[in-house]
Amino acid sequence: MSLPEGFQSQIDLLTEHLVVERGLADNTVEAYRRDLEQYAHFLNGRGHDDFTSAQRADVNDFLSSLRREQHRSSATVARKLTSLRQVHRFLVREGDRLTRGQPVAVSAYSGLDGFFTFPWGIPHVHFNTWLDGEPVDPFAHGDEPSLWL
């Protein structure tokens with residue numbers, strides 16, 4: 001089954017970046033491509049035409065389906081999560097406006113903090129949050145609403 005052009009062009013752009021800019025091996029790039037095609041088919045089944053329309057719930061449901069319905073090992077799910085992080089990180093550019101629930105938070109994983117929680121929870125994330133051009137703390141304080149994605 002072919003993918004909508006939006007998904008296919010985003011996968012092609014990312015894999016080109018992985019080869020040209022990052023110098024990854026062909027086998028590694030093909031593994032990324034297969035993982036992203038599987039994720040794209042999942043998202044397309046939910047009515048999405050490209051990765052940018054995905055929400056955090058879509059990422060969570062995809063990872064859950066791998067573990068529970070497809071009985072994939074933790075190592076396989078971790079590898080696929082790496083692919084998801086790559087595509088969502090790649091598609092966000094400095095200055096982009098994000099909305100609550102976008103899966104960009106998955107892309108910002110760094111360090112061993114996520115290692116100890118996986119596969120039971122989404123890895124801890126590190127990223128900067130800006131609101132109206134000013135850096136802000138995304139966590140709620142007092143009566144303020146949380147900006148946490």
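**Around helix H4**

Modeller: Let's start with H3 and H4, which run roughly antiparallel to each other because their axes cross at roughly 160 degrees, and anything over 145 counts as roughly antiparallel. Keep in mind that this is a predicted model. The axes of H3 and H4 come within 10 Å, and H3 passes H4 in a right-handed crossing. On the H3 side, the residues that meet H4 are Val59, Phe62, Leu63, Leu66 and Arg67. Facing them from H4 are Val77, Lys80, Leu81, Leu84 and His88.

Now H4 itself. It covers residues 74–91, so to speak 18 residues of helix. From its first C-alpha to its last, H4 reaches 26 Å, close to the 26 Å expected at 1.5 Å a residue. Its buried residues include Val77, Lys80, Leu81, Leu84 and His88, the very names that turn up in the contact with H3.

H4 has another neighbour, H1. Helix H1 (residues 5–20) packs on H4 at an angle of about 95 degrees, with the axes 10 Å apart. That angle makes H1 roughly perpendicular to H4. H1 brings Gln10, Leu13, Leu14, His17 and Leu18 to the contact, while H4 brings Gln86, Val87, Phe90 and Leu91.

Follow H1 over to H2 next. H1 and H2 pack at about 160 degrees, with their axes 10 Å apart, and are therefore roughly antiparallel to each other. The crossing of H1 past H2 is right-handed. H1 contributes Phe7, Gln8, Ile11, Asp12, Leu14, Thr15, Leu18 and Val19 to this contact, and H2 contributes Val29, Tyr32, Arg33, Leu36, Glu37, Ala40, Leu43 and Asn44. Leu14 and Leu18 of H1 also show up in the contact with H4.

Leaving out residues up to four places away in sequence, Arg33 touches Gln8, Ile11, Asp12 and Thr15.

Then there are the rings. By the pairing rule used here, the count comes to four aromatic pairs. Tyr39 is in helix H2 (residues 26–45) and Phe51 in the loop between H2 and helix H3 (56–69), so to speak distant parts of the chain, 12 residues apart. Tyr39 is buried at a relative accessible area of 0%, and Phe51 is buried at 0%. Tyr39 also pairs with Phe62, this time tilted, at 5.1 Å centre to centre and 50 degrees between the planes. That pair ties helix H2 to helix H3 across 23 residues. Phe62 is buried too, with a relative accessible area of 1%, and Phe62 is also one of the H3 residues that meet H4. Ring pairs link Phe7, Tyr39, Phe42, Phe51 and Phe62 into a cluster. Phe7 is among the H1 residues in contact with H2.

One stop on the way from H3 to H4: Gln70 lies in the loop between them. It is partly exposed, with a relative accessible area of 35%. Not counting residues up to four places away in sequence, Gln70 touches Gln38 and Ser65.

Stepping back, the protein chain has five helices and two strands, in the order α-α-α-α-α-β-β along the sequence. Of its 149 residues, 36% count as buried. Among contacts with a separation of 6 or more, 54% are between residues 24 or more positions apart.

Key. Residues numbered from 1 in each chain as written. Predicted model: local features only at pLDDT ≥ 70, side-chain atom pairs only at ≥ 80, totals over all residues. Heavy atoms only, no water. Helix = DSSP H or I, 4+ residues; strand = E, 2+ residues; numbered from the N terminus. Expected span 1.5 Å × (residues − 1). Buried < 20%, exposed > 50% of the residue type's maximum accessible area, 1.4 Å probe, protein only. Phe/Tyr/Trp six-rings, centres within 6.5 Å; stacked < 30°, edge-to-face > 60°. Axes fitted to C-alpha atoms, helices over the stretch in contact; angles between N-to-C directions. Parallel < 35°, antiparallel > 145°, perpendicular 65-115°, else oblique. Left-handed = near helix turned anticlockwise from the far one by under 90°. Contact = heavy atoms within 4.5 Å.
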